[in-house]
Amino acid sequence: MTTASGGPAWRWASAAVAATVFCVQLDAFALNLALPGIGRDLGVAGGGLRWVVSGYLLAAGSLMAGAGRLGDLYGRRRLLTAGLAVFGGASLVCALAPSLPVLVAARVVQGAGGAVAMPAGLALLTNACPPGSRARVMGRALGIGGVATVCGPYVGGVLTEAVSWRAVFWLNVPVALVAGVCAARAGESRDTTAPPSVDVAGLVTATGALAALAVLVDRGPLWGWASGRSAAALALAVALGYVFVRHERAAADPLVDLALFGNRPFVALTVAGAAANAATVIVLFAVPLALQGPWGLSATGAGAAFLAPAAAMAVAGPVAGRIRTADAVRVMAGALGLGAASLGAAPIATTLPVFLLAITGCGAALGVAGALTLIATQAVVRPERAGEASGVTKTVITTAAGLGVALSQDAAGARSSAAVDAALMAAGGCCLAGAALLVITLLTRIRPGGSPGGRSAADGRPD
């Protein structure tokens, strides 16, 4: 079972998670438009600047799976607070960084802080909320994070032009501090069914395998997918993954109970959520380029035009929170289908209003899918292993974000209508693949049995 304090502590947990998601997502998406300013200020050009983004993603994608379970074992509030302290402190170093190596190192530490804070926060909120209102509360918290996601690129561009790229990092510090204060007033919770000991071998092999995979996703487009370095990274990821699985099967108290992957609704929602996250990243890169390139708007005009899609994506969190667990797979399949259709229509739009209408529909669909991924995957697992489940889910969708960045590079480099249209079509393909997976899940009438995912997606209750 899980221990947690009652009363109004869940409100503080909700505020802490909302602030955490806001500052982490704002940082992740505001930095892309700040990269040219960073390069000018630090005297850096070319591929080295890419590590400002890559260093963060590599650290975050590698560490989330282990961090989620550590929160279950040692206290989710404790891990959330620690993660926020690391994230805020690293943001301060980023704001003061005198050189690119210092900035990249601080970004790696920032990624580690985010990797600890995000899954721990989601698990804390899952266990703190009254069961009847859990999904709605999580939806509102994620909706606030959605505001940061969609406004991040615009905020990053405005701050860089009006003040400095350093202002993006300065903004993180007070938000992380507020999140930490709220977390300190939330009730603590942990998994009391397991001994408070760490599966060190599992942690090391899982982190190593994920790090190799993250490097492959990030560097593969630059190295060439068929190059020797890509093959070596893939081989290392597979080898460490194999060792991890062998060890977890034999471990008395594994880092990740492999029965979680027998919970097919959890797996389907997580993989489809990864496709939705990759598509979201592509859209957030490609649409501003389309508005400023083929549609000929200024940076300010593009930001104003993007308000409608941004608003649609932001309100999606609260909407997703009102969807019953029994309907989660069906609704998410429909949302991704709508996203694919909208992204298919956008490149052939002949007027700006039609283009914006298509992108607004896409924003609403991807917003629902993204929020529902985090809400529904928590609803189909037992609360005591919520951190483990959120860590796995966040790892998968963060790795997919790296893939989205890779798929956006041609559009970012060429800035041509053809390149932007190709990126949007790739995002549509991601949505279509996720929707197909969920339709297969529905057609096979999956009913998971007892496992770490011991809740049925059909009724949302513990089995």
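Predicted model: local features only at pLDDT ≥ 70, side-chain atom pairs only at ≥ 80, totals over all residues.
How many nonpolar, polar and charged residues are there in the lining of the second largest pocket?

A search of the whole structure finds 3 cavities of 30 Å³ or more. The largest cavity has a volume of about 670 Å³. Its lining comprises 39 residues, and those closest to the centre are Q25, F29, T149, N277 and K394. Eight helices are listed as supplying at least two lining residues each: α1 (9-30), α3 (51-74), α5 (100-128), α6 (134-162), α10 (264-292), α12 (307-314), α15 (352-379) and α16 (386-414). In terms of residue class, 23 of the lining residues are nonpolar, 14 are polar and 2 are charged.

I turn now to the second largest cavity, which holds about 80 Å³ of space. Its lining consists of S54, L57, L58, G61, A214, V217, D218, T398, T399 and G402. Two or more of these residues come from each of α3, α8 (200-223) and α16, with α3 giving the most, namely 4 residues. The classes here are 4 nonpolar, 5 polar and 1 charged.

This brings me back to the opening question. The lining of the second largest pocket has 18 nonpolar residues, 4 polar residues and no charged residues. The volume of this pocket is about 520 Å³. It is lined by 22 residues, of which L210, F244, F261, V392 and V396 are the closest to its centre. At least two lining residues come from each of α8, α9 (228-250), α10 and α16, and α9 gives the most, with 6 residues. Domain 2 (200-254) and domain 3 (256-445) both give residues to this lining, so the second largest pocket lies between them.

Finally, a remark on helix α17. This helix covers residues 417-443, 27 residues in total, and at 1.5 Å a residue it should span 39 Å. The C-alpha atoms at its ends are 39 Å apart, which agrees with that expectation. Which residues of α17 are buried? They are A419, V420, A423, L424, A427, G428, C430, C431, G434, A435, L438 and T441.

Key: Residues numbered from 1 in each chain as written. Heavy atoms only, no water. 1 Å grid on protein atoms, 1.4 Å probe; cavity = no way out; pocket = protein on both sides within 12 Å on 5 of 7 lines; lining within 4 Å. Points joined across faces, edges and corners; volume = space filled by probe spheres on them. Nonpolar A, V, L, I, M, F, W, Y, C, P; charged D, E, K, R; others polar. Expected span 1.5 Å × (residues − 1). Buried < 20%, exposed > 50% of the residue type's maximum accessible area, 1.4 Å probe, protein only. Domains from an automatic or database assignment.
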